[in-house]
Amino acid sequence: MKKRRLCLLFLCLLALAACVPGSSPGTATNRAEQQRKSCLDCHKEMEAKFESGKVHQPVADRNCLACHLPHGLIGGIQLRQKAPALCQTCHQSKQSGKASIHKPFADGKCLVCHAAHNSENQNLLTKPGKELCFSCHAKGSFTRQYVHAALEKGCSLCHLSHTGKQANLLIQAEETLCRQCHDPASPAITKKHQGISISKGCSGCHNPHSAASPGLLKATMHQPVLAGQCQQCHNSTAGTPTVKKKANTLCLDCHKSSAGAKELRHPPYRDGKCLDCHAAHGSEFEAMLARPAAQLCQSCHADLTKGKTASEHSPSKEGNCLACHSGHGSARKNLLKAKEEEICLPCHSKSGKEGAMTHAPARQGKCLLCHHPHASESAHLMRGSEGPLCLSCHQETARQKNKLSQHRPFGDGQCSACHAPHGAPGASMLKASMNQGGLCLSCHSKSKSDATRHSPFVQGKCQLCHNAHAGNGQALADKEVGEICLECHQQTGTTLQTKNIHKPFADKDCSACHAPHGSNEANDLIKPDPTLCLGCHQDIAKAWQEGNPHQAAVDGCGNCHVGHGANSPGLLKKTVGALCQGCHPMQPEELTAKHKGIKPGEDSCHRCHNPHGGAEAKLLYRKNHPPFAKGECQTCHPSGSGLTKPVGIADKLCFTCHERKSFQGQVVHQPVKEQPCSICHNLHAAPFDKLLPFPASKLCLRCHDTRKKEKRFMHQPYTDGRCLGCHSAHASEASDLLPANLAAACFSCHKEQEKSYSVPHAPFKKGQCGSCHLAHGSDNLQLLKGDDEKICLPCHNAASVRGSHSFSLPIKGCLTCHDPHGGTSKSMLRKVLHAPFKQGCDGCHQGEQAVTTEVCLSCHQKVQKDYLLIHSHLTDNAAGNGCVSCHSPHAGNDRMLLAGTPARVCLRCHQDTADRHRGKASRHQKSNECLSCHRAHGGDAPAMLKGDGNTICSGCHESQGTFSHPVGPKVLDPRNGQMMTCVSCHDPKGTDFPYQLKLNGEKELCVQCHNY
């Protein structure tokens, strides 16, 4: 197939080659260029558009490729370079060494002034003459009542376009330009200047463009200049003006210092440098400032508005620095014109409703606690992002950032979404009243169609169930849903004391069945009955699809069951017989006739019939007793009138089919010995194998209630309900119905302990695991019956033990040296000995003094460094040495001298973690390999992880580290403001959701962050 494709491709290439005219080698290139299309072959409209007026030379030459790249079949304008680099390939211009540079030119924005292709104006300008300049320079400054005649001839008469050696892009020095029209030695000009010959500095008094007064005098003139009293400041020597004193000293003859002794003074004012800020003769600005106030102030205070700004204070933006600051001196910090707590109020008044300004900083006028006075990288001149700024004072609220469930505005740091930053009449400065849930419903609008509503929701009492900012539970709650519900529904809570409790109710998971705000269904159920129930009881739903449902069940589970709990099995409202008779009333004779002349027991209907539905119309269970399935009732009921007594071990009837051997042994299960078989088995039909009415574990728990025997450490089969994994159902030769070979049963799970020792411990050799271990649970590690010494000393004489040891300390901690199962020596010492233990006890033990953590760390200095990290495992236990919580101080079976496998060592303290995740549907394959992800002694990452949640996970899950949900330092979790990592959404210990997701990944987890 592949060869056929190659042949077809080759033939196509030959066909294309045949269509190309032949050419000699010498002319091929020329012909190719002749055949190549030009830009105008396709863009004909451009030719007419760009041929008028002044045309850019490359355009006139039809040389589009001088500036543009050819784009082929895919359209799009692509320049060879960006401006100004592209322009400078032809129009080279140097900026260095120039006194002034036109800003658009300095910024490389050539196209602000010039057209790229053609223009009706000289130099390809986009607008004619002054109109182009007025695009940036406010026209009003050039069109006042009196206009300089030179301006009529255009800006270019005096100014250069790009760069210049003179200030303000002047073509020549100012005095040279002025002299071209105005002779300073002429009698008219000399007379106007009080007989003084002025040779330079014309713009000190005159505006070169326009003015509101004759003579183009500036808006604000020095009073002696207006009065013609030049001699106050100047001498005239041979017609040339000179200053009587140093310029700044001269000012103080009239302008006496007004600063008080305690005032802060502006440095130029303090140092008498008046002309650093003021013009000597005239100015266009208030107070005769030499430049606009903003420019003048920023020449020294550039740092105030330096950098990227998101907001700028209007006075600062407009250059009105003197709106807030005194120019010369002030008794207040930063030369403010008023007290810091008052200066903002003339513009930002307290006007509004009574009590509106309740935020302490606003009330006290401490505006600068939150706001920058000039500019900020944040909105509203804030001193930082809104959330962190608020939380810098509200420390108690800040601690809620560590909680799992975050209110979206709180997680996003948008405090002002709910709170008025300066104040509001209501509590906590809320922007709207919480009455009837007003504030909450501004985002979480009411549902439109719910017929029944939960009372707190109807009344708008949102905070009765939810926290305002964050919670460790679902939906911003700090308590389990059920605990919140039962605070109001106390009567319902008494149902928890009944014998049989519905699992969601026992788990206090009320939201599994009820909508917390309300629904169309009675009792605010999230779905109608029985749809709601079938969500969990899917076996019933499947049976209905495949067989015949019981109509009473289809009509609603509430016909037979109560919702929360009952003393009767199966949460039934009444006894089975009474329930069935409610729909199927039958006289005894009729009931007997329907059962082949055999009268069933009063409450026995459910022993043959499935109350929810069956494979056929009679609703019988699928698992049938063979005689019953064949209709051979006489096998068990020879008289045809029912059994005269219950069938049990003392009766020979069952043993006509079942071997008696399995019911015999040294120990017989009490129900087997004393009760009829029907106590555990349905005699006719049942839903489970062995004719069991319930799964084996549930059946056992009807008598053996685990809740009464909870210990700190529980045996896994026991907690999982796998009773028949260890115990025989009927009889056994061993106690507690355990198998005769108990060790074999134990090793079926604990394969790592099935070893051969040259010197085995006697109980281990005999398979007597129960000598030392408890079967179901213990408050001691490894399910031991007690502390080491309590187990060992009944067999090992204390005097003999002391005699074989070289110390007189109390006997304890036997297992820190000896392997309880066996070893290679008579003493059964563990494989790896601690170095000081090899050398003698004195290395660590000093008399009666306890061996503390410091003793261990004196040798293990590398571990001591981990002790100084943020999160440390090295905390002292009750004995004063944290090391022995995990390590055996004398000997161990591995080089780390761990007191067991890593998982078992960890469970010594973290049993609650194991319990919380036990039985979860989705478990991480390394959930029991704690040291795969966690550091043993200490670390800087939370939970002492070996890195952040991304680094660790991507070590194994390489592909997930490069795609899917964004993670990393630039992606913050809106619930807590921390870096988004894999463990933000996944719990590697295990959950009930796929991929170890913390919540349902279809919606519930996502809306934690994406709820808008």
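Where is the place of Glu589? Select Glu589, and you will find this residue in helix 29, which covers residues 588-594. Keep in mind as you look that this is a predicted model. Is Glu589 buried or exposed? Glu589 counts as exposed because its relative accessibility is 59%, and the cut-off for exposed is over 50%.

Next, zoom out to the whole chain. The chain holds 43 helices and 34 strands. Its C-alpha atoms fill a box of roughly 150 × 95 × 80 Å along the principal axes. The radius of gyration is 47 Å, whereas a compact globule of 1012 residues would have one near 31 Å. Of those 1012 residues, 27% are buried.

Now select helix 22, residues 481-488. Gly482, Ile484 and Leu486 are buried here.

Our last stop is helix 43, residues 949-956. Its buried residues are Gly949, Asn950 and Ile952. Look down the axis of helix 43: these buried residues fall within an arc of 165 degrees, so they line one face of the helix. What do they pack against? Display strand 33 (968-972) and strand 34 (979-980) to see the partners of helix 43's buried residues. Finally, click on Asp948 at the start of helix 43, where a side-chain oxygen of Asp948 comes to within 2.8 Å of the backbone nitrogen of Asn950.

Key:
Residues are numbered from 1 along each chain as its sequence is written. This is a predicted model: local features need pLDDT of at least 70, side-chain atom pairs count only at pLDDT 80 or more; totals for chains, interfaces and linings use all residues. Side-chain values use heavy atoms; hydrogens and water are left out. Buried means under 20% relative accessible area, exposed over 50%, partly exposed in between (1.4 Å probe, protein chains only). Helices (H or I, at least four residues) and strands (E, at least two) are DSSP runs, numbered from the N terminus. The arc is that of the directions from the helix axis to the C-beta atoms. Contact means heavy atoms within 4.5 Å. A polar contact is a pair of N or O atoms within 3.5 Å; within protein, one must be able to donate a hydrogen and the other to accept it, and residues adjacent in sequence count only if both atoms are side-chain atoms. The radius of gyration is taken over C-alpha atoms; the globule rule is 2.2 Å times the number of residues to the power 0.38.
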